[in-house]
Amino acid sequence: MEKQPLPTDDDKAGTMESEMDGYAGEESQQGSSEPAARAGWNSKIEYFLAQVGFSVGLGNVWRFPYLCHQNGGGAFLLLYVLLMLVVGIPLFFLELAAGQAIRQGSIGVWKYISPRLAGIGYSSCVVCFFVALYYNVILAWSLFYLGNSFQFPLPWEQCPEQGNVTVKECEKSSPTSYFWYRKALDITDSIDETGSFNTYIVCCLLAAWTIVCLGMFKGIKTSVKVMYFSSIFPYVVLFCFLVRGLLLDGALEGITHMFYPKLEIWGDIQVWRQAATQVFFALGLGFGSIIAYSSYNPKNNNCHRDAFTVSTINFLTSVLATLVVFAVLGFRAKNNVKECVVSNIKELSEQFRSSNVEKTLMPSFDYSDPSSVALEDYRAWFNQYGSMVPGNLTDCDLEKEMQQGVEGTGLAFIAFTEAMSLLPGSPFWSALFFLMLLNLGLSTMFGTMEGILAPLTDRFKTLANNKTKLTIFSCILGFLIGLLFTQRCGNYFVTMFDDYSATLPLIIVVVFECFSVSWLYGADRFLDDIEGMLGWRPHVIYKYLWKYICLLAMLGLLGATTIRMFIKRPTYLAWNQEKGSEEYLEYPGWALAVLALLIIFAMMPVPVALIHAVLQDRTKRTARDTETGQYSIVSTDDKCDTPMTDMSDLDRMNGSAAPFT
């Protein structure tokens, strides 16, 4: 009993169709595991738009710049490229090749290798659903800000007043922080305080899910039409912001600050963990979306070249977004530091006029005109004499100002909005920015939903016959569960899901994927199948990368992430209304229990599928033994050839790992 090889074009009768012809329509000769009416991309451009649109998301705009800034600038970039080459691209190529060869979603791919591994695909679907729940909430926030951008002045430019008195919460923080936490989220002080539903965000969430549902209504045929705009428009906006940002005062300081190399960070294990995690999420490994999209490719498509092309575009997009972010944030920081200098010079002038300061402490610069005082001159004087002058003089540090509010949602909805409010024509730039965020999120959401729908419709014929109903039902269910995130404490749940519900399960999924292909499946056999599919054999280095480097790297990342969770109690960033500032709080016990349940629920399909396959195998074996006792064997020459043969059977019969060919 020999396992059927991966579907290849070698089995086709007649001549091979060209690659571009393979994208249009469905292929008539397909492997036995492939649905008879498998859809296909109309062109290679559509496929690239889908893959790039999925991999390039909100993380490229706010997470990558933050990590790059926090972890040594240019040194982090070099580390990121290194990990991308030795871990990211090989695993990306593995998923592309598996999906294209077997032409199934994540469930079908791993079940094809062995029924005992089908749980890997189901886990990918669960994690995709978790991500879709909170990711669409971020789109709802973007819609809310987009709607508020069409007014002048922007509602977050100035603090509101009550009875000619500035609202204290806003006065203690900033107009942008106040608008984000109080107007947009109306947030509670901790995750323990649930609060009521935020009506505006509920409406925006409904609109976001409606857009996703309409875009996914007819599968990739409709979603790819939306991607022609949603995948290209963000690049137009980024280039517009880059040109505008480079013309701003402080842009050079921001970019210099960004790329200043700090090579000592290579000795910090946490920096390696953060870089590996960013590579992992930037490419979308483990979601099943890569496998789903590549399964619609013709079998002779050069997926090896695609892996390098998409990864390179992803990296260059991150660098472009980083340049834009820090050019604009440099302008914001320079503006804030100038205001700081003016404020302190005015305070200093008052002290001199009241004769509270000795003449020997008087600065050499002209403090009678505060706006003309250079930052360098003020800081030099402050560092030498500032502590000797009575009053509330402060240091105006550009470095510290650059570090304010540049993490996650704080970067997009606080720091960047503040910078845009300083630009001439601020409503235009604000609308452009949040429209860009909306499109970035949409293209990623389409990929995430495809990672759920494609495997399920491939696996279950009933769902395949009712894919439109399944899409609508999934979006309705996502909206109803997503209402959890529209409560006043919803932002804290978004943080919880983003930090923990996807990280560990996805890493575990990729570990199983890599181990299954390189050890159970056989790296050499997988390369043989790719050679039969592409017509040439990838370099042998992939064998060792998959079997050792990638696997050990993912296990190390899994271990470091797990140990960090146990050593340091998980925390979240909360808003203190009384202080008008952010503060880190520890998750309460019930929240930690929810975190554990999310991780367990996401990984439960793996052992469940394994146990189910083992029990099913024993049941079949018992039935065969019973039939053998009742009927005489006529012939022993016939062979049973099935694509779903379990590897364990082959191991017992052949005494070795089961090949695909």
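Start with a nonpolar patch on the surface: Phe 515, Trp 519, Leu 520, Val 540, Tyr 544, Tyr 548, Ile 549, Leu 552 and Leu 555 form it, with about 820 Å² of accessible area together. Patches take residues with over 30% relative accessible area and no salt bridge, joining nonpolar side chains (Val, Leu, Ile, Met, Phe, Trp, Tyr) within 5 Å and like charges within 9 Å. Areas come from the Shrake-Rupley method with a 1.4 Å probe, and for residues only the protein chains shown count as cover. Helix 23 (503-534) and helix 24 (541-567) each give two or more residues, and helix 24 gives the most, with five.

A note on the model: it is predicted, so local features need pLDDT of at least 70 and side-chain atom pairs 80 or more, while totals for chains, interfaces and linings use all residues. Numbering runs from 1 along each chain as its sequence is written, and side-chain values use heavy atoms, without hydrogens or water.

Now for the charges. A search of the whole structure finds 15 salt bridges (a side-chain nitrogen of Lys or Arg within 4 Å of a carboxyl oxygen of Asp or Glu). In one of them, Lys 334 meets Asp 249 at 3.4 Å, N to O. Lys 334 sits in helix 15 (residues 303-353) and Asp 249 in the loop between helix 11 (233-246) and helix 12 (251-259), so the pair ties together parts 85 residues apart in sequence.

Another salt bridge links Glu 586 and Arg 569, with the closest N and O atoms 3.5 Å apart. Elsewhere, salt bridges that share partners join Glu 169, Arg 182, Asp 186 and Arg 488 into one network.

Terms used:
Helix = DSSP H or I, 4+ residues; strand = E, 2+ residues; numbered from the N terminus.
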